[in-house]
Amino acid sequence: METKRALITGVTGQDGAYLARFLLDKGYEVYGTFRRLSTPNLWRLQALNIFERIKLIPMELIDSASITGALMISRPHEVYNLAAQSFVGASFEQPVGTGEVTGLAVTRLLECIRHADPGIRFYQASTSELFGSNPTAPQNEDTPFMPASPYAAAKLYGYWVTRTYREAYNLFCTNGILFNHESPLRGLEFVTRKISNALAKVKLGLEQKVVLGNLEASRDWGFAGDYVESMWLMLQQDGPGDYVISTGETHTVREYFEEACAAAELDPSGILDVDPKFMRPLDVDLLLGDSARARQKLGWAPRVGFKELVRMMVQADIQRWKRWQKGEQFPWDAFNYPSEMNIITRAMPV
Ligand code: NAP
Ligand code: F7E
């Protein structure tokens, strides 16, 4: 039988790295797109020890020619569109750019697929952010979307254009509506990793405080390693569809912080500050997913629970900073990013 080929856009991101490893383990030939940045961002593939096994293709989501090139090089059976400007906070700073990359680029990709090979199966990384301000909980595939950020609005566009290409051209186009998923490979700007990284530094005497924004927001947090399996399962079905992927448990940012302190054996009092700088112009209060459809149709279920996830992330960051203190060099992001405090996002009154 012919070896299956998969193309993952955004292979350098958290999900891209875990999905690449998952597909390699399944015997796939894995192609992954990356951006030619002045400093390469390949540490996750190195950390998972799969860098040598991935075929890397340079691609930029606003450049249709590079998307066509990626499809011609990889001739994939399956395309997983994970590339995006994925940080909700940054979407308020770069609303138009986020619309281009996270929204419009989905159409670029679908058009290229339609012309290159309409037999390709397509996965779109949709998100629980689509539910936004809708107070209904838990949220499932039938819950109305009420996006509350430029990121979510761009993802809404991506979601609908994916469905449009499914219906208009009979393409195998699937939306995974994934709730927040985290891991030791999570980007440092997202709140879970920001906390695990900062607490590791506090634990080792490298920092005094953790500085956060909205502590009352509630999220349904799962483990990225579990969630990438659902992406693959969606593309193995007889037909395309839309699936919510979640744990069915929700916790506030404050609860995550307290659980992380327990994991680090730190007293939470006195080490947490709140700075309005980390509050968004508009935030999503409560996300809680109902993944009954995925559980029934895909046979998918999360394996890692909340406490285990927090422990995994905190322990990983403590171990990294300990290795760094001993002078070890290894692929890892945090030592290149000492603090987000000196990033300025708003003009100060004169
Ligand atoms: P991530 O770590 O931020 O990875 C995003 C990837 O997109 C990176 O490889 C990044 O490349 C690439 N990228 C960004 N802008 C690009 C551009 N203009 N052209 C080409 N590539 C570009 O995100 P993630 O957590 O793995 O999430 C994967 C996808 O799932 C994203 O679409 C995200 O919006 C969506 N999603 C995530 C979650 C979650 O909780 N993690 C939940 C629901 C949906 P660089 O490495 O060069 O930056
Ligand atoms: O924020 C609050 C913040 O940035 C979670 C992306 O993967 O999941 C992610 O989006 C909550 C928000 O993730 C800080 O205001 C408090 O209420 O970790 P986050 P997100 O916005 O939920 C969805 C499903 C995606 O699709 C996205 O791509 O935490 N919060 N203090 C903070 N957040 C950050 N980042 N930093 C803080 O200091």
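Strands β4 (residues 78-81) and β5 (residues 121-127) run parallel to each other and are joined by four bridges. Strands here are DSSP E runs of at least two residues, helices are H or I runs of at least four, and both are numbered from the N terminus. Two strands count as paired if DSSP finds at least two bridges between them. In this pairing, V79 has F122 of β5 as its bridge partner.

A word on the ground rules: this is a predicted model, with local features needing pLDDT of at least 70 and side-chain atom pairs counting only at pLDDT 80 or more, while totals for chains, interfaces and linings use all residues. Residues are numbered from 1 along each chain as its sequence is written, chains are lettered from A and ligands numbered from 1 in the order in which they are written, and side-chain values use heavy atoms, leaving out hydrogens and water.

Zooming out, β4 and β5 belong to an open, parallel sheet of seven strands, ordered β3-β2-β1-β4-β5-β6-β11. Ignoring direction, neighbouring strands are turned by 20° against each other on average.

Two helices lie across this part of the fold. Their angles are taken between N-to-C directions, from 0 to 180 degrees, with axes fitted to C-alpha atoms, for helices over the stretch in contact; contact means heavy atoms within 4.5 Å.

| Helix | Lies across | Angle |
|---|---|---|
| α5 (residues 95-116) | β1 (5-9), β4, β5 and β6 (172-178) | about 170° to β5 |
| α6 (residues 150-169) | β5, β6 and β11 | about 150° to β6 |

A137 and P138 are joined by a cis peptide bond, with omega about 0°, and P138 sits in the loop between β5 and α6. N49, in the loop between α2 (43-47) and β3, has a positive phi near 65° despite not being glycine.

As for domains, whose bounds come from an automatic or database assignment, domain 1 covers 5-182 + 221-245 and domain 2 covers 191-219 + 250-286 + 306-342. Their centres, taken over C-alpha atoms, are 27 Å apart. Across the divide, 17 residues of domain 1 contact 21 residues of domain 2.

Finally, the second largest pocket has 15 lining residues, with K194, A198, E207, S339 and E340 nearest its centre. Helix α7 (191-203) and strand β8 (210-212) each supply at least two lining residues, and α7 gives the most, with four.

Conventions
1 Å grid on protein atoms, 1.4 Å probe; cavity = no way out; pocket = protein on both sides within 12 Å on 5 of 7 lines; lining within 4 Å.
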